[in-house]
Protein chains: 2
Amino acid sequence: MTSAAPTPAYRRLSVEERRSQLLEAALSLFAHRAPEEVSLDDVAEAAGVSRPLVYRYFPGGKQQLYEAALRSAAEELEHCFAEPPQGSLSERLSRALDRYLAFVDQHDTGFSALLQGGSVVETSRTTAIVDGVRRAAAEHIVDHLAVRDPGPRLRMTVRMWITAVEGASLSWLDGGKEPPLDELRDWLVEQFVAMLVASAGRDPQTADVVRAALALEAPDGAVGALARRVVPLLGDAARLL
Amino acid sequence: MTSAAPTPAYRRLSVEERRSQLLEAALSLFAHRAPEEVSLDDVAEAAGVSRPLVYRYFPGGKQQLYEAALRSAAEELEHCFAEPPQGSLSERLSRALDRYLAFVDQHDTGFSALLQGGSVVETSRTTAIVDGVRRAAAEHIVDHLAVRDPGPRLRMTVRMWITAVEGASLSWLDGGKEPPLDELRDWLVEQFVAMLVASAGRDPQTADVVRAALALEAPDGAVGALARRVVPLLGDAARLL
């Protein structure tokens, strides 16, 4: 019995499989077009099914499909910052950012449309989903800082960096995806280090975090490279001390 | 003839005056309530006029009033970062942030609702207005950096800081307006310095900007204070150099 049965041209999918298939089709359309430019017919065509079938699974039509696709994207994004607590902070952040920026790259138009707002599919529900992603990312980062009870300064620094990463991502998409992703990633890690250090000047808890984080950095790591590039620039600033 | 004529209880306003009065009433309502919670009747009542009169000036109703109020707020915000090119960069930024943060403080609920998005009055027009404010702020800041032809790294750093300021403002409003405004202002100035310095490590143009800016800072200024607080923290990092 070496010859397998031929794959049927059409296979009856389970409810769950069909739903996933429709969602996947919707997500890939919403990733590369503004929500205004995606119709239910497009989703049906991309999934190779009829429009009534899409309605059977998503009676709320495009709005419901968009929200379901966004929820599934949000889940993926939330996982970006879930990183085992191993290695230096800059290594962990780099790995998380690699995943986050790959997502931005793969969902470019949809990511811009979503974060720039003002789209017809935007509701208080969709903004709550986006805000949930930010909150989850902030929690993951705070966890990596190994602080039991993070105070407002530390939390605000993390939140500022997250919005800065969003701003940089939009800017990167606007500007034709320059610089290359790995450079952008390293730069964003450096920005986090810089922002933490500046906050450490005002907040003893952040100062403890910075000291602990620096102790784990290797001379040939990202923070060492940053220090070697920046210290010579600051020679003139010695008179300010 | 020492006794002036008594002020009439009702004065006929010119078209422009009436429009301004209605806008002002709308702006003060939209400042402290979510757009969903402001009705045309509220605006009429606050301005002491009839609902039909509001419609005569704003036939598009609440949406038109909201957009007009937002446009007037945007103009005010754009002026925050228009600052004479005198003094050190940290002094100029401090004065600009004083105005910006006073605006955030005075328009708290409306500011949050606007930037968090998902509101019923949000359209591509309203997001374009908000984006215009960001762009204008970025232009003003780049002007203060005295660079003739700002490259992408410098532009992205400025944009990242602007989004970080927005994130911090929202965080500040969420957290019961803590820390006090002048502390928040100083902290945000320090964040800008830190972000610029980190970018200077990768970008010769930003490095020139940092050197020129440091040359104008006084030892008893904001950057001097930052340096004195931060340098002792970084003693451990010498092994990374």
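Predicted model: local features only at pLDDT ≥ 70, side-chain atom pairs only at ≥ 80, totals over all residues.
UniProt positions are given in the numbering used here, feature names are shortened, and annotations may be inferred rather than shown by experiment. Residues are numbered from 1 along each chain as its sequence is written.

**View 1. The annotated DNA-binding region of chain A.** In an unreviewed UniProt entry, the annotation "DNA-binding region" covers residues 39–58 of chain A. This span is 75% helix and 0% strand (helices being DSSP runs of H or I with at least four residues, strands runs of E with at least two), and its end C-alpha atoms lie 13 Å apart.

**View 2. An aromatic pair between helices H1 and H4 of chain A.** The ring centres of Phe30(A) and Tyr66(A) are 4.9 Å apart with planes at 85°, so the pair is edge-to-face (centres within 6.5 Å; planes under 30 degrees apart are stacked, over 60 edge-to-face, the rest tilted). Phe30(A) lies in helix H1 (residues 15–32) and Tyr66(A) in helix H4 (residues 61–80) of chain A, so the contact ties together parts 36 residues apart in sequence. Both Phe30(A) and Tyr66(A) are buried (under 20% relative accessible area with a 1.4 Å probe, protein chains only; exposed is over 50%, partly exposed in between).

**View 3. Arginine charges over tryptophan rings.** The charged end of Arg153(A) sits over the ring of Trp187(B), 4.5 Å from its centre (for Arg, CZ within 6 Å of the ring centre and within 35 degrees of the ring normal). Arg153(B) lies over the face of Trp187(A), at 4.5 Å from the ring centre.

Technical notes:
Chains lettered and ligands numbered in written order. Heavy atoms only, no water. Phe/Tyr/Trp six-rings, centres within 6.5 Å; stacked < 30°, edge-to-face > 60°.
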